[in-house]
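Please look through the sequence and the three-dimensional structure shown below.

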Amino acid sequence: MKILMVSAEVVPFAKTGGLADAVSALAGNLSTLGHDVKIVLPRYYRIDRKKLTLLEGPLGVPVGMGQEWAGVYTTTLPGFPKVKVYFLDHEQLFGRDGVYGTKSEPDFFDNPYRFSFLAHGAFQLCNKLHWIPDVVHAHDWSAGLVPVLLKHVCRWQEAYKNTASVFTIHNMGYQGVYGKNKFPDFALLKPLNQPVNFKLRGILVIKRSKQPSEHHKLPMIKATLIQGQHTVPLRNKAENLS
């Protein structure tokens with residue numbers, strides 16, 4: 001099976017918490033079982049280009065009201081030579097300290113644009129590689145737009161008609177909530193008349209969400225009960241959490 005993992009962080013390249021460890025471990029284990037696994041994440045400026053291989057030709061990524069261009073670098077996951085790791089290289093978006101923010105700016109003002117770029121870029125990378133995954137596995141809020149794009153944009157393309165999506169929730173405390181004025185960053189046709197919640201969007205468009213362990217299930221649902229307008233939609237999805 002061909003599996004694409006989309007994540008903002010992956011050990012040993014970028015890490016702020018357990019998400020990075022989980023993605024690497026899962027990718028390695030799936031590869032050991034015989035699956036064809038690829039990972040895509042941004043190339044943050046601390047990730048040394050000299051240790052990576054540059055793919056030929058730029059990558060065009062539809063985002064916002066236009067298109068951005070990026071370089072694509074690659075290497076393999078340490079310890080798992082069959083797992084290819086791809087880095088989307090865009091200096092303006094990711095050439096800075098911090099993955100999501102810094103001490104002075106905990107949540108970068110352009111994070112909606114940055115992670116919209118990651119989501120769109122993941123599918124553009126597949127097209128560039130002529131490699132269409134059977135499953136796209138999005139990890140946590142920063143990749144929450146991935147299943148949305150698969151359902152509302154890529155599903156209309158013949159190549160992706162049989163591609164499935166999985167969305168893993170690693171930490172419900174971080175949801176990626178932004179004002180509805182950020183919607184144009186997503187390059188989607190149907191506008192939203194409410195604040196944008198990356199994690200909620202990912203949950204609502206798929207049939208089943210994944211969580212790291214069973215004991216997170218009830219606390220996770222309770223945690224969202226304080227999120228106002230997001231209470232009912234997530235409770236309706238509770239039976240689909242596994």
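## Buried residues, ring pairs and backbone angles

D140 counts as buried because its relative accessibility is 6%, where buried means under 20% relative accessible area, exposed means over 50%, and partly exposed lies in between (1.4 Å probe, protein chains only). This residue is found in the loop between β7 and α4; helices (H or I, at least four residues) and strands (E, at least two) are DSSP runs, numbered from the N terminus. The phi angle of D140 is near 65 degrees, a positive value in a residue other than glycine.

The model is a predicted one, in which local features need pLDDT of at least 70 and side-chain atom pairs count only at pLDDT 80 or more, while totals for chains, interfaces and linings use all residues. Residues are numbered from 1 along each chain as its sequence is written, and side-chain values use heavy atoms, with hydrogens and water left out.

H130 also has a positive phi in a residue other than glycine, here near 55 degrees, and its place is in the loop between α3 and β7. Is H130 buried or exposed? With a relative accessibility of 75%, H130 counts as exposed. Another backbone feature is the cis peptide bond that joins V11 and P12, with omega of about 10 degrees; P12 is found in the loop between β1 (2–6) and α1 (18–32).

In the loop between β7 and α4 there is also S142, which is buried with a relative accessible area of 1%. Leaving aside residues up to four places away in sequence, S142 touches A8, Y100, F115 and L118, where contact means heavy atoms within 4.5 Å. As for helix α4, six of its eight residues are buried, so the helix is largely enclosed by the rest of the structure. The buried residues of α4 are L145, V146, P147, V148, L149 and L150.

F117 lies in helix α3 (residues 111–129) and counts as buried, because its relative accessibility is 0%. When residues up to four places away in sequence are not counted, the contacts of F117 are V61, V63, E68, A70, L88, H90, L93 and F94.

Rings of Phe, Tyr and Trp (its six-membered ring) pair if their centres lie within 6.5 Å, and planes under 30 degrees apart count as stacked, over 60 as edge-to-face and the rest as tilted. By this rule the count comes to seven aromatic pairs, and two of them are set out in the table.

| Pair | Centre to centre | Angle between planes | Type |
|---|---|---|---|
| Y44 and F94 | 5.9 Å | 90 degrees | edge-to-face |
| F115 and W141 | 5.3 Å | 80 degrees | edge-to-face |

F115 and W141, both of them buried, lie 26 residues apart, with F115 in helix α3 and W141 in the loop between β7 (135–139) and α4 (145–152).

Charged side chains meet rings as well: the charged end of K38 sits over the ring of W131, 5.0 Å from its centre, and that of R96 sits over the ring of F108, 4.7 Å from its centre. A charge sits over a ring if NZ of Lys or CZ of Arg is within 6 Å of the ring centre and within 35 degrees of the ring normal.
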